[in-house]
Structure formats: C-alpha cells, structure tokens
Amino acid sequence: MNNDVTGTLARFASTLAYEDIPQRVVSRSKDLLLDALACALAGYRGEDTAKVMRFAQALGESQESSIIGGSRLSLTGATLFNGFLITAVSMCDVYRPTATHFQPVIVSPALAVAERDARSGRDLLVALAAGFETAVRIAAGVDYAAFRQRGWHGPGTIGPFGAAAAVGRLRSLVR
C-alpha cells in the first residue's frame, strides 16, 4: 500500500482529465456549481453581507475578478466575498459525514482563477471534481467526533485542501 497520501492526491488532482470523470460525477459537479451560484445570490440577504463586502473591497483596489451577482473586486476580495456569499444564509450543500460545506471554500477560488486565466467551463468542472474528491477523501479519513471535540471546523481545515487541488488543477501546477 502506498503511504504517500499527499502525493497520491496531488497526482490525482493534477492529472485528472474530463474524459476520466464518470458522467454522474460531471453532473454532480455541475449541480454543486449551480447550487453554489444560487446560494451566493441568496447570500446578498445575509445579515453580515454589507460588512463582509466592505472588508473584501479593502483587500485590494483592482477589479480583475467578478463577484457572483454583482460587480468586480480584486482576486482576493472576490474569492473571499464569493465564499462568504455561498454560505451566508447556510443553504449550500453539505458533506454529511463531517457536516462540512465544501462549496464556499472550493468553488470561490476556482471561479476566480478560472476567470482570471480564461479557462473553459470544462476546465472548471474538472478542477471542481478534483477539489471535491480531494476534500471528501481527506474528510473520510477524519474521526469526525474527535475532530469536532477538539474544536476543529471542516470547512476551514479540510476545505483548503480541496481548494488547493482545484486551483492547482486549473494552474497545471503538478504534472
């Protein structure tokens, strides 16, 4: 058995091709993307949305990245604000075994990088599939009861690995 879990996941994410993804996974990735976009639109009704928007605006003066349902912000600001919007009213999908919302953490940076780098919709779907699968594989290896008892929160501790896989795939960081 290969004990290099990090290397295995990195190779999976970096070499995944659209043709290798089962159609049901492509469909699920599309559904999760659409769900994230719809949740982000609902997020404009979130209690703290205006405060988070002001913070996101302060992160940079450039306007190279789109915010869902709105205008433009810096790459960092748009990534942060879109992630907030997706979960602002807690409607997005959840990976039930660990009660983790992966969409805000994975979809938001993937959208920003895909837009910036002029990647195709197909490229985005491959990146999302790689990111979701990576995050779920890591989450499946967690003793969730002990994890939560220690005060850990899935989106902030597991989600970034999925985000790194998705963005790494879009950026072709490992081959």
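Predicted model: local features only at pLDDT ≥ 70, side-chain atom pairs only at ≥ 80, totals over all residues.
1. Residues are numbered from 1 along each chain as its sequence is written, and side-chain values use heavy atoms, with hydrogens and water left out.

2. Fold. You'll find nine helices and two strands, taken as DSSP runs numbered from the N terminus (helices H or I, at least four residues; strands E, at least two). The order from the N terminus is α-α-α-β-β-α-α-α-α-α-α.

3. Main core. A nonpolar core here is a set of buried Ala, Val, Leu, Ile, Met, Phe, Trp, Tyr and Cys residues joined through side-chain atoms within 4.5 Å; buried means under 20% relative accessible area, exposed over 50%, partly exposed in between (1.4 Å probe, protein chains only). The largest such core holds 33 residues, and F81 and L128 have the most contacts inside it. Helix 6 (121-140) is among the elements giving two or more residues, and helix 6 gives the most, with six.

4. Around L128. Setting aside neighbours within four places in sequence, L128 is in contact (heavy atoms within 4.5 Å) with L33, I106, V107 and A110. There's also a second, separate core of 10 residues, including L125, V126, A130 and A165.

5. L59. This residue sits in the loop between helix 3 and strand 1 (65-66). L59 counts as partly exposed because its relative accessibility is 34%.
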